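Colleague: Hi! Could you walk me through this model while I have it open?
Modeller: Happy to, ask away.

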Amino acid sequence: MTTSFKMGLRRGMTVTGKWKQNRYRVERLLGEGANGKVYLVQKDRAWYAMKIGADAVDLQSEINVLQALAKQGKRGVEPFLYDVDDLQGPDGREYPFYIMRYVRGTTLSGYLNENGPEWFPLLGLNLLGKLAELHGKGWVFGDLKVENVLVADYGYVELVDYGGVTAAGKSIRQFTEIYDRGYWNAGTRSADAKYDLFSFGVLCLQLLEPKKLQLLTAGLPQNRSSEELLQVAASSPQLAPVSGWLRQAFSGQFGDAAEGAEAWRLLMHRRETRRSGGDTPVWLKGLAAVSAVMLGVSIYWLLR
């Protein structure tokens, strides 16, 4: 079994890159996994996220993806990757690291707990938009899960931890079992847009029915199926309205996230239309005019 990456940095330490001599002051740990740790660091009064890896080859693969995405990005858009170098750890060993844009926000589950489940449709639409951008460039996110998505004001979402991003057609580089299509005997671990959409469907259950989803993992591996996931969705008052959409995602009927996002948007629009003339739609209840504007902006950026 894989163990966590052990090397750690203390708050207040200054890290100096071996080759470029850039200096970063460590503020705190943001997250960690089997192949590295991510710290909040400061340089010239600006905040960044620093990822330190245990394996240079593994981290370099992730850096290559980020560099490729940067080349495919739009001009004028803030870069995600800023610096790549090595550092000497407290144990005397050298470790590779890279510096990326620091995304201020909270987790999907934290955002819904604080602001209410009525934000769920908007978060889902915005997340599908982010996936659509990747798919349009020939990449699959791979390790889509609650922990790898951050939410800022008004439901704006950002994907973080690009360790699982894989070129379409290759084998998925990194995944988390419960979100994995193969884990549910619903397909291969080949990188295609439908893999991400399957994971997105599981993520919806993880957000709104985590206990029921966890119970499914206790069964025999050979008995797992997407039908079990759909039964949870259909029995959930919060997920039942999107159970038809989830069936399409779990069965691979959407070509990519752009198609899935458009279907999601139309579903939300139909729900609002059916309720017109009555009370405010449940999925918009409690949102002020500003959030309605943000929804329009999200749709514009998704479909432009």
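Modeller: Let's begin with strands β3 and β4, residues 46-53 for the latter: they run antiparallel and are joined by 8 bridges. This is a predicted model, by the way.
Colleague: Good to know. Which residue in β4 is opposite K43?
Modeller: K43 faces A46 there.
Colleague: And how many residues are between the strands in the hairpin of β3 and β4?
Modeller: The hairpin has 2 residues between its strands, and D44 has a positive phi near 50°.
Colleague: Thanks. Now the helices: at what angle do α3 and α4 pack?
Modeller: Helix α3 (residues 120-136) and helix α4 (residues 193-208) pack at about 160°, and their axes are 11 Å apart. They are therefore roughly antiparallel to each other, and the crossing is right-handed.
Colleague: Which residues in α3 and α4 meet?
Modeller: From α3, F120, G124, L127, L128, L131 and H135 take part, and they meet A193, D196, L197, F200, L203, C204, L207 and L208 of α4. By class, this contact has 11 nonpolar, 2 polar and 1 charged residues.
Colleague: What about α4 and α6, at what angle do they cross?
Modeller: Roughly 40°, with the axes of α4 and helix α6 (residues 226-235) coming within 10 Å. The crossing of α4 past α6 is left-handed.
Colleague: Which residues meet in that one?
Modeller: On the α4 side there are F198, V202 and L205, and these meet S226, L229, V232 and A233 in α6. The contact of α4 with α6 divides into 6 nonpolar residues, 1 polar and no charged.
Colleague: Switching to sheets, what is the strand order in the open sheet of 3 strands?
Modeller: The order is β7-β9-β10, with antiparallel pairing. β7 (106-107) and β10 (157-159) are at the edges with a single partner strand each, so one side of each has no neighbour in the sheet.
Colleague: How many bridges join β9 to β10?
Modeller: Strand β9 (residues 149-151) is joined to β10 by 3 bridges.
Colleague: Which strands does α3 lie across?
Modeller: α3 lies across β9 and β10, and runs at about 40° to β10.
Colleague: Last topic, I178. Where is I178 found?
Modeller: I178 is in the loop between β11 (166-167) and α4.
Colleague: Buried or exposed?
Modeller: I178 has 14% relative accessibility, and since buried means under 20%, I178 counts as buried.
Colleague: Which residues does I178 touch, leaving out those up to four places away in sequence?
Modeller: I178 touches Y183, W184, V202, Q206, L213, Q214 and T217. Take Q214: this residue is 36 residues from I178 along the chain, and their C-alpha atoms are separated by 8.7 Å. V202 is also one of the α4 residues that meet α6.
Colleague: Great, thanks for the tour!

Technical notes
Residues numbered from 1 in each chain as written. Predicted model: local features only at pLDDT ≥ 70, side-chain atom pairs only at ≥ 80, totals over all residues. Heavy atoms only, no water. Axes fitted to C-alpha atoms, helices over the stretch in contact; angles between N-to-C directions. Helix = DSSP H or I, 4+ residues; strand = E, 2+ residues; numbered from the N terminus. Parallel < 35°, antiparallel > 145°, perpendicular 65-115°, else oblique. Left-handed = near helix turned anticlockwise from the far one by under 90°. Contact = heavy atoms within 4.5 Å. Nonpolar A, V, L, I, M, F, W, Y, C, P; charged D, E, K, R; others polar. Pairing = 2+ DSSP bridges. Buried < 20%, exposed > 50% of the residue type's maximum accessible area, 1.4 Å probe, protein only.
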